[in-house]
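Reader: I would like to know what lies behind the labels used for this model. Please take them one at a time.

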Amino acid sequence: MQRIRYIMIGGFLGAGKTTTLGQLAKHYTDRGLNVGIVTNDQATDLVDTNTLRSQGFDVGEVAGACFCCNFNELMDTMSRLSADQRPDVILAEPVGSCTDLVATVIQPIKRLFDAEFDIAPYAVILKPSHGRRILKNEAGTGFSPKAAYILSKQLEEADVILINRIDELSAEEVQELTSLLTEHHPKTPVLQISARTGTGIDGLVEFLTQQGDFGRKILDIDYDTYAEGEAELGWLNSSLTVSSSQKFSLDTVLLAIVVDLKQRLETAGFEPAHLKTIGLWEGFFGVANLISSDTPPELSLSCGHEVQEAEVIVNARVACDPETLQEYVHAAVDAVAAQHGLQVSFRQTQSFRPGRPVPTHRFADSV
Ligand SMILES: Nc1nc2c(ncn2[C@@H]2O[C@H](COP(=O)(O)OP(=O)(O)OP(=O)(O)O)[C@@H](O)[C@H]2O)c(=O)[nH]1
Ligand SMILES: [Mg+2]
């Protein structure tokens, strides 16, 4: 039996991993391949799982720990995807604050599951906003040097780096980012993509079809710095129901929550890594996001419906303590509800700092 192609796309929080996975899934599905997707988060209630499922894809999730720290759950989730209809390709999205994934995920699959999986080159996405500031070592990146260390290490283990969001960048900005990457990672190929418009996705697919010396860049990494950098991010996943006696625009409400939250974080001086809200109503859905303090909040997917009730999930990753983050999220939701005359019922909120990564496996040399 042919092995399943395992394609993992990494990159910092909000870089565009889910959007890229959606593009790749569509590309392979359109060509008649069976595609399975695995999402990952430190908690339950994932916006990404809902976003990709709403697009019609077969999505399994590893929730509650990252792939590296719950490797067995990654393998179990992939085998469950195989149960009904064996995928030809599995697309996997690791947590955006994780690194050292070659040593802790790719190498273990290569060594322990070589008969079942065939590993594609490992692509890592660069988010221009935070990426540029961190690569230039500018003061005021919004993140501490330890959090910036994670982004740098993610790029270091990539077989190919993808500059995303080129639909928003001038030719000079793309050139500047390409030069910065070449300076820091001279041996790593760089591709330019727009996960939003699909520009460059064919080139990415071509790169990913290669066989060869990939998934072998084992990092020299300090786990204390990595753990401290990750723990500086407040993490929150919240699920709630909003309802009203009158119809309301779900898109407007989703965006208003992100706009309100951005304002609160800005006033307090806390840098967002990624805020996302998804609203679901009878098979329709909308998504709003914010990926940095200097990027405007946006409705990335419009639901386009007036509704009387919707399920909403908020995921926030911000450089602040989780208690404050939870307070701000609740305050933002309550303020928007009051403005629009909505009732809100919070079902579940998890907010915490990610714990120290303790990988299930770590291979210090590569095959
Ligand atoms: N303009 C533009 N926006 C993009 C592009 N790719 C992604 N985005 C937007 O950037 C935001 C984050 O994208 P995601 O795909 O959710 O990013 P991610 O890396 O999966 O984020 P996390 O899972 O939270 O780490 C969303 O609002 C996307 O619509 C792009 O090429 N151009
Ligand atoms: Mg994602």
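Reader: What makes Arg 165 count as buried or exposed?

Author: This is a predicted model. Arg 165 has 25 C-beta neighbours inside 10 Å. A residue is buried if 20 or more other C-beta atoms lie within 10 Å of its own, so with 25 Arg 165 counts as buried. Its place is in the loop between β7 (160-163) and α7 (171-184).

Reader: What is said about the phi of Arg 165?

Author: Arg 165 has a positive phi of about 65°, although it is not a glycine. Most residues other than glycine have a negative phi.

Reader: How do you know whether Asp 45 is buried or exposed?

Author: The count for Asp 45 is 21 other C-beta atoms within 10 Å. The cut-off for buried is 20 or more, therefore Asp 45 is buried. Asp 45 lies in the loop between β2 and α2. Its phi is positive, about 65°, and Asp 45 is not a glycine either.

Reader: What makes β2 and β3 a pair of strands?

Author: Strands pair if DSSP finds at least two bridges between them. Here 6 bridges join β2 (residues 35-41) to β3 (residues 58-63), so the two strands pair. They run parallel. Val 38 stands opposite Gly 60 in β3. The chain crosses from β2 through α2 to β3, a β-α-β crossover that is right-handed.

Reader: Why is ligand 1 said to lie between the domains?

Author: Domain 1 (4-230) and domain 2 (233-352) both give residues to the shell around ligand 1, so the ligand lies between them. The shell holds 22 residues, and the closest are Thr 19, Gly 96, Arg 196, Asn 289 and Ser 300. Two or more residues each come from α1 (17-30) and β12 (298-301). The largest share, 3 residues, is that of α1.

Reader: How do the residues of the shell around ligand 1 divide into nonpolar, polar and charged?

Author: The shell around ligand 1 has 4 nonpolar, 11 polar and 7 charged residues.

Technical notes
Residues are numbered from 1 along each chain as its sequence is written. Chains are lettered from A and ligands numbered from 1 in the order in which they are written. This is a predicted model: local features need pLDDT of at least 70, side-chain atom pairs count only at pLDDT 80 or more; totals for chains, interfaces and linings use all residues. A residue is near a molecule or strand if its C-beta atom, placed from the backbone, lies within 6 Å of it. Helices (H or I, at least four residues) and strands (E, at least two) are DSSP runs, numbered from the N terminus. Ala, Val, Leu, Ile, Met, Phe, Trp, Tyr, Cys and Pro count as nonpolar, Asp, Glu, Lys and Arg as charged, and the others, Gly among them, as polar. Domain bounds come from an automatic or database domain assignment. A crossover is right-handed if, with the strands pointing away from the viewer, the path from the first strand over the helix to the second runs clockwise. A residue is buried if 20 or more other C-beta atoms lie within 10 Å of its own, exposed if 12 or fewer, and partly exposed in between; C-beta atoms are placed from the backbone.
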